Amino acid sequence: MRMDIVDLRAEAAAEVRRLAAARAFTVEGDASTLAQAEGDATWIAIARRNGIRWALGSRLLFVWRVAFEDGGGALVESRLVPVVVELSRPVCGRRRRPWFEAIVREVEPQMRAQLDAAVSDWRQAVESVAGSFASARMARERAIAVRVSAAGAEAFQPGLFDRRAERARLRLRAAAADTEAAAATRLAAFVRTSAILPRAPQLLLVLTP
């Protein structure tokens, strides 16, 4: 019997570093803030720190979210993409929401083109990983269904006078039929939700100096 041992220590260490770096940017309350942002219209925020205002200058920062969902509408994968828009003149005073909405309508086609270019490789990677996972899961579910079906069809020799073995066999067949139906239901549900589709990009935040 051959046994192949795969060493994933380097990959595990890299994943730990990635998670630690990602969590360094999070603070308490981020999850509730994100949930509120998803339920509201686009947020418009005014930079209060001088460094951020200086960095923005006469530009607006738009934060978009691009995502994939499964056949049931559940979020599968998402990514935030920043887009900077240069204005012809600095932002003076507090602008009202209709002014920002007019800017979005004017530059949205160009921003969407930038979004598509920025996430092209990421989308291909997500589709590749999701496709590989779906194929492996599908093969596993089908193998389970075939094995359950075969187990319920085993040959049986009833007793001549003793019916206990036959009754036990009927119970086993009923249990196998329930298991087979559950496996078929699970497979059908997975088939319905295995295909992933891109969601329309969602504008979450506009940051203005």
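Predicted model: local features only at pLDDT ≥ 70, side-chain atom pairs only at ≥ 80, totals over all residues.
View 1. Strand 2 spans residues 59-69. It is mostly covered, with nine of its eleven residues buried. Strand 2 pairs with strand 3, with strand 5 and with strand 4. The views that follow take these partners in turn.

**View 2. The hairpin of strand 2 and strand 3.** Strand 3 covers residues 75-86. Eleven bridges join strand 3 to strand 2, in the antiparallel sense. Look for Arg65: its bridge partner in strand 3 is Leu80.

**View 3. Strand 2 against strand 5.** Strand 5 is formed by residues 202-208. The two strands run antiparallel and share five bridges. Leu61 has Leu207 of strand 5 as its bridge partner.

**View 4. Strand 2 against strand 4.** Strand 4 consists of residues 197-198. Two bridges connect strand 4 to strand 2, again antiparallel. Here Phe68 is bridged to Pro198.

**View 5. The aromatic pair of Phe68 and Trp122.** The structure holds one aromatic pair. Its members are Phe68 and Trp122, with ring centres 5.7 Å apart. Phe68 sits in strand 2, while Trp122 belongs to helix 5 (residues 120-151). The pair thus links distant parts of the chain, 54 residues apart. Are the two residues buried or exposed? Phe68 has a relative accessible area of 0%, so it counts as buried. Trp122 is buried too, because its relative accessible area is 14% and the cut-off for buried is under 20%.

Note on methods: Residues numbered from 1 in each chain as written. Heavy atoms only, no water. Buried < 20%, exposed > 50% of the residue type's maximum accessible area, 1.4 Å probe, protein only. Helix = DSSP H or I, 4+ residues; strand = E, 2+ residues; numbered from the N terminus. Pairing = 2+ DSSP bridges. Phe/Tyr/Trp six-rings, centres within 6.5 Å; stacked < 30°, edge-to-face > 60°.
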